[in-house]
Amino acid sequence: MHLEIIEILDKPADHRNSLAGRKIFVQGGGDHARVVVDCLLEMGTAVEGIFDPKQSGNLFGVPQLGPYDPSRFTGMPSIIAIGDNRSRKKVAESSKHDFV
């Protein structure tokens with residue numbers, strides 16, 4: 001599970017609710033992202049889309065939009081939901097968005 005999600009889930013309920021109702025998008029669409037998106041939706045977070053060049057369709061009703069497009073979701077924070085450390089670092093370094 002994504003470290004930030006684990007840290008949020010380990011905190012009191014009032015802090016977990018800080019993501020409730022917020023709009024975010026996710027970078028990564030594999031198995032790791034599946035768990036992260038499920039947790040976010042369960043917390044009431046509005047996941048607007050998922051970027052992953054290897055994925056298409058929907059994940060839990062969230063559109064998978066293909067490769068990352070920095071012009072989408074301007075000003076919206078993201079979560080990188082990629083399990084592999086090297087891949088996650090590469091995505092983080094190339095992202096034009098802030099992170100939750």
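Student: Hi! How many aromatic pairs does the structure hold?
Tutor: Hello! This is a predicted model, and it holds five aromatic pairs.

Student: Okay, how are Phe-25 and Phe-51 arranged as a pair?
Tutor: Phe-25 and Phe-51 sit edge-to-face, with 5.5 Å from centre to centre and 85 degrees between the planes.

Student: And where in the chain do those two come from?
Tutor: They come from distant parts of the chain, 26 residues apart. Phe-25 belongs to strand E1, residues 23–27, and Phe-51 to strand E2, residues 46–51.

Student: Are Phe-25 and Phe-51 buried or exposed?
Tutor: Both are buried. For Phe-25, the relative accessible area is 0%, and the cut-off for buried is under 20%.

Student: What about Phe-25 and Tyr-68, why is that pair called stacked?
Tutor: Their planes are at 20 degrees, with the ring centres 6.5 Å apart, so the pair counts as stacked. This pair also links distant parts of the chain, since Tyr-68 is in the loop between strand E4 (62–64) and strand E5 (78–80), 43 residues from Phe-25.

Student: Is Tyr-68 buried, exposed or partly exposed?
Tutor: Tyr-68 is partly exposed, at 23% relative accessibility.

Student: Which residues do the ring pairs link into a cluster?
Tutor: The cluster is made of Phe-25, Phe-51, Tyr-68 and Phe-73.

Student: New topic: helix H3. How many residues does H3 have, and how far does it reach?
Tutor: H3 has twelve residues and spans 17 Å between its first and last C-alpha. That is close to the 16 Å expected at 1.5 Å a residue.

Student: Which residues of H3 are buried?
Tutor: Ala-33, Val-36, Val-37, Cys-39 and Leu-40 are buried in H3. Seen down the axis of H3, the buried residues fall within an arc of 160 degrees, so they line one face of the helix.

Student: And which are exposed on the other side of H3?
Tutor: Over there, Asp-31 and Glu-42 are exposed. After H3 comes Gly-44, with a positive phi near 90 degrees.

Student: Last thing, pockets! How much space lies in the largest pocket?
Tutor: About 420 Å³. It is lined by 20 residues, and the closest to its centre are Gly-28, Asp-52, Pro-53, Ile-82 and Val-91.

Student: Which helix gives the most to that lining?
Tutor: H4 does, with four residues. Helix H3 (31–42) and helix H4 (85–94) each supply at least two residues of the lining.

Student: How does the lining of the largest pocket split by class?
Tutor: The lining has nine polar, eight nonpolar and three charged residues.

How values were computed. Residues are numbered from 1 along each chain as its sequence is written. This is a predicted model: local features need pLDDT of at least 70, side-chain atom pairs count only at pLDDT 80 or more; totals for chains, interfaces and linings use all residues. Side-chain values use heavy atoms; hydrogens and water are left out. On a 1 Å grid over the protein atoms alone, a cavity is a set of points where a 1.4 Å probe fits but cannot get out, and a pocket is an open set with protein on both sides within 12 Å along at least five of seven lines; lining residues have an atom within 4 Å of a point. Grid points are joined across faces, edges and corners, and a volume is the space filled by probe spheres set on the points. Ala, Val, Leu, Ile, Met, Phe, Trp, Tyr, Cys and Pro count as nonpolar, Asp, Glu, Lys and Arg as charged, and the others, Gly among them, as polar. The expected span of a helix is 1.5 Å times one less than its number of residues. Buried means under 20% relative accessible area, exposed over 50%, partly exposed in between (1.4 Å probe, protein chains only). The arc is that of the directions from the helix axis to the C-beta atoms. Rings of Phe, Tyr and Trp (its six-membered ring) pair if their centres lie within 6.5 Å; planes under 30 degrees apart count as stacked, over 60 as edge-to-face and the rest as tilted.
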